[in-house]
Amino acid sequence: MKQLTKLAGLAALLGVAVTPAIAQEKIKIGVLVTTSGPAAALGQQVRDGFALAIKDLGGKMAGRDVEIVNADDELKPDGAVVKVRGLLERDKVDFVVGPIFSNILQAIHRPVTDSKTFLISPNAGPSSYAGKECNPFFYVTSYQNDQVHEILGKVAQDRGYKRVYLLVPNYQAGRDSVAGFKLDYKGEISEESYTPLNTLDFQPELSKIAALKPDALFTFMPGGMGVNLVKQYKQAGATVPVLSAFTVDESTLPAQQDAAVGMFGGANWAPNLDNPQSKKFVAAYEAAYNGVPGTYAMQAYDAALLIDSAVKAVKGDLSNKDAVAAALKKADFTSLRGNFKFSNNGYPIQDFYLTKVAKRPDGKFQTEIVEKVFSNYGDRYAKDCAAK
């Protein structure tokens with residue numbers, strides 16, 4: 001009894017008071033992302049970024065050990081539902097972190113939130129859950145999908161591009177990307193091409209671009225799709241300026257290399273962002289994984305910090321769901337990107353940048369910030385959210 005009293009006193013002194021029984025129970029976090037197929041590099045960045053954060057936290061949150069349970073959604077919605085039910089029912093996770101793709105998020109959102117388990121998305125941020133369908137069990141550490149594409153639309157408008165060709169995959173995030181681009185771009189759309197998800201041959205679209213001769217190409221092609229598009233674009237000798245989202249980033253650059261240099265992108269962060277926490281993260285990530293971190297890894301790292309801040313706020317006791325939700329919404333942590341807070345819908349308010357692919361002196365490739373396009377920018381759907 002004396003020992004228990006001492007433990008309770010020490011925990012209270014540290015501001016993370018937990019009962020000995022709770023302290024002995026692990027916090028279980030399921031990480032469900034795509035780690036196979038053409039998009040595997042994206043999911044691996046999430047896994048690595050999240051694991052690095054847990055390591056930096058000493059493997060604990062509010063004195064409780066953290067266990068990560070990894071699952072591969074294989075970019076298959078039906079399979080993802082099976083995997084996430086396993087995390088919920090068999091592994092009994094306290095939080096689910098994931099996924100990468102919006103079609104997977106749409107498949108798992110209801111099973112997770114209906115079970116009153118917190119779902120933290122480190123990447124997918126579809127419009128469908130940002131407005132009327134917002135949910136107190138759902139939080140996003142990336143962005144609302146439209147926003148990154150809005151960056152490129154504004155840049156295209158500001159640079160006076162009169163005609164732009166749009167090339168995106170035919171699924172929710174692709175449609176969101178077009179909607180986001182069009183918000184600020186008021187010029188002519190030469191054509192909108194919607195390719196099947198996981199398309200790897202873009203010769204028909206490149207032929208159209210050559211014939212139409214637009215002032216710029218806007219494209220959103222994540223993972224292996226982006227790798228092939230950039231390589232085929234260069235092989236075709238195309239010279240149309242490329243404004244891209246998630247097409248040339250740290251997950252694809254190891255395969256694209258010189259073919260991607262000079263291409264523009266939009267992002268909420270880049271490895272050369274000048275703040276202490278970001279510099280420390282980039283150095284640690286490169287040392288641990290021998291690669292350059294992208295936004296996927298950064299947002300996953302922040303997801304771990306977000307969860308940690310909430311667990312600490314409730315002193316390790318996750319039984320009061322309302323208290324955990326309030327702590328998550330407060331987002332009381334230092335984001336790697338600097339400015340970060342949640343809007344009322346659980347999506348971030350943050351800065352956004354135009355980036356450009358560069359080759360570093362050490363031979364590695366990374367995106368680098370060219371200019372800030374939006375400051376403290378929240379999404380346009382939050383006004384319709386009343387659930388939080």
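Me: What makes the residues of helix 3 and helix 12 meet, and which residues are they?

Reply: Contact here requires heavy atoms within 4.5 Å, and on that basis Leu42, Gln45, Val46, Gly49, Phe50, Leu52, Ala53, Ile54 and Asp56 of helix 3 meet Tyr296, Ala297, Ala300, Tyr301, Ala303, Ala304 and Ile307 of helix 12. Sorted by class, these residues are 13 nonpolar, 2 polar and 1 charged, where Ala, Val, Leu, Ile, Met, Phe, Trp, Tyr, Cys and Pro count as nonpolar, Asp, Glu, Lys and Arg as charged, and the others, Gly among them, as polar. The structure is a predicted model, in which local features need pLDDT of at least 70 and side-chain atom pairs count only at pLDDT 80 or more, while totals for chains, interfaces and linings use all residues. Residues are numbered from 1 along each chain as its sequence is written, and side-chain values use heavy atoms, with hydrogens and water left out.

Me: Why are helix 3 and helix 12 called oblique to each other?

Reply: Helix 3 (residues 40–56) and helix 12 (residues 295–313) pack at an angle of about 40°, with their axes 7 Å apart. Angles under 35 degrees count as roughly parallel, over 145 as roughly antiparallel, 65 to 115 as roughly perpendicular and the rest as oblique, and helix 3 and helix 12 are therefore oblique. The crossing of these two helices is right-handed, a term used if the near helix is turned clockwise from the far one by less than a right angle.

Me: What makes helix 12 oblique to helix 13?

Reply: The axes of helix 12 and helix 13 come within 8 Å and cross at roughly 135°, and that angle makes helix 12 oblique to helix 13. This crossing is right-handed. Leu306, Ile307, Ala310 and Ala313 from helix 12 meet Val324, Ala327 and Leu328 from helix 13, a contact with 7 nonpolar, no polar and no charged residues.

Me: How do you know that alanine 325 counts as buried or exposed?

Reply: Buried means under 20% relative accessible area, exposed over 50%, and partly exposed in between, with a 1.4 Å probe and protein chains only; alanine 325 has a relative accessible area of 13% and is therefore buried. Alanine 325 belongs to helix 13, and, leaving aside neighbours within four places in sequence, alanine 325 is in contact with Phe118, Pro136 and Tyr139.

Me: Why does aspartate 146 count as buried?

Reply: Aspartate 146 has 0% relative accessibility and therefore counts as buried. The residue lies in helix 6 (residues 145–158), and, not counting residues up to four places away in sequence, aspartate 146 touches Asp176, Ala179, Gly180, Arg380 and Tyr381.

Me: What makes strand 2 and strand 6 edge strands?

Reply: In the order 2-3-1-4-5-6, 6 strands form an open sheet whose pairing is mixed. Strand 2 and strand 6 (138–140) are the edge strands, as each pairs on one side only; two strands pair if DSSP finds at least two bridges between them.

Me: How do you know that strand 2 and strand 3 pair, and in which sense?

Reply: Strand 2 (residues 60–61) and strand 3 have 2 bridges, in the antiparallel sense, and methionine 61 stands opposite arginine 64. The two strands form a hairpin with 2 residues between them, and alanine 62 in the turn has a positive phi of about 50°. On the other hand, strand 1 (residues 27–33) pairs with strand 3 (residues 64–72) in the parallel sense over 7 bridges, with isoleucine 27 opposite valine 66.

Me: How many bridges join strand 4 to strand 5?

Reply: Strand 4 (residues 95–97) and strand 5 (residues 118–121) run parallel and are joined by 3 bridges, and the bridge partner of valine 96 is leucine 119 in strand 5. Helix 5 (residues 102–114) packs on the sheet, touching strand 1, strand 4, strand 5 and strand 6, and its direction makes about 155° with that of strand 5. Helix 13 (residues 321–330) also packs on the sheet, touching strand 4, strand 5 and strand 6, with its direction at about 15° to that of strand 5.

Me: What makes strand 9 mostly covered?

Reply: In strand 9 (residues 216–220), 5 of its 5 residues are buried. Ala216, Phe218 and Phe220 point one way, whereas Leu217 and Thr219 point the other way. Strand 9 pairs in the parallel sense over 4 bridges with strand 7 (residues 163–169), and also in the parallel sense over 4 bridges with strand 10 (residues 242–245).

Note on methods
Axes are lines fitted to C-alpha atoms, for helices over the stretch in contact, and angles run from 0 to 180 degrees between N-to-C directions.
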